[in-house]
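Reader: I'd like to go through the side chains of this one with you. Shall we start with the charges and rings?

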Amino acid sequence: QVQVVESGGGLVQPGGSLRLSCAASGSIFGIVTMGWYRQAPGKERELVALITTTGSTSYADSVKGRFTISRDNGKNTVYLQMNSLKPEDTAVYYCYVAKVTFSWGQGTQVTVSS
């Protein structure tokens, strides 16, 4: 079983930055990808970004050029650097770890508001 713990959410003004962290522990052998989904009120959960063990990345069109995902394999930790934040980025952000199945974190709230 994989345990997933996120941190780094909060309240930020439009145009500001936040950095989310996600640490995986437990049965981490065989992890394929790690990444982030988000869910805004009344909307479906959507993929924000993912990164593979080899460092390949993929982003939602809405965050390309503003968000950067990175990974420290030695620490089994993934980071999401979010710049130029917009009010529409407001959501609960969930980290996931993918092996054969997905393991999810508890979510961290990101609120972009003036």
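This is a predicted model: local features need pLDDT of at least 70, side-chain atom pairs count only at pLDDT 80 or more; totals for chains, interfaces and linings use all residues.

Reader: Is Trp-104 buried, exposed or partly exposed?

Author: Buried means under 20% relative accessible area and exposed means over 50%, with partly exposed in between. Trp-104 comes out at 35% relative accessibility.

Reader: How does the ring pair of Tyr-96 and Trp-104 count: stacked, edge-to-face or tilted?

Author: The structure holds five aromatic pairs. In the pair of Tyr-96 and Trp-104, the ring centres are 5.8 Å apart and the planes stand at 50 degrees. Planes under 30 degrees apart count as stacked and over 60 as edge-to-face, so this pair is tilted.

Reader: Which residues do ring pairs link into a cluster?

Author: Phe-102, partly exposed at 41%, also pairs with Trp-104, with planes at 45 degrees. Tyr-96, in contact with Thr-33, is buried at 2%. Ring pairs link up a cluster of Tyr-37, Tyr-96, Phe-102 and Trp-104.

Reader: What is the length of the polar contact between the side chains of Thr-33 and Tyr-96?

Author: Thr-33 is in strand S4 (residues 33–39) and is buried, with a relative accessible area of 14%. Its side chain and that of Tyr-96 are joined by a polar contact of 3.4 Å.

Reader: Which residues are linked in a network of salt bridges?

Author: Arg-38 and Glu-46 form a salt bridge at 2.6 Å, N to O. Arg-38 is buried at 6%, whereas Glu-46 is partly exposed at 34%. Asp-89 and Arg-66 are both buried. The network is made up of Arg-38, Glu-46, Arg-66 and Asp-89.

Reader: And are Lys-64 and Asp-61 buried or exposed?

Author: Lys-64 forms a salt bridge with Asp-61, with the closest N and O atoms 3.1 Å apart. As for accessibility, both residues are exposed.

Conventions: Residues are numbered from 1 along each chain as its sequence is written. Side-chain values use heavy atoms; hydrogens and water are left out. A salt bridge is a side-chain nitrogen of Lys or Arg within 4 Å of a carboxyl oxygen of Asp or Glu. Buried means under 20% relative accessible area, exposed over 50%, partly exposed in between (1.4 Å probe, protein chains only). Helices (H or I, at least four residues) and strands (E, at least two) are DSSP runs, numbered from the N terminus. A polar contact is a pair of N or O atoms within 3.5 Å; within protein, one must be able to donate a hydrogen and the other to accept it, and residues adjacent in sequence count only if both atoms are side-chain atoms. Contact means heavy atoms within 4.5 Å. Rings of Phe, Tyr and Trp (its six-membered ring) pair if their centres lie within 6.5 Å; planes under 30 degrees apart count as stacked, over 60 as edge-to-face and the rest as tilted. Lists of a residue's contacts leave out its neighbours within four places in sequence.
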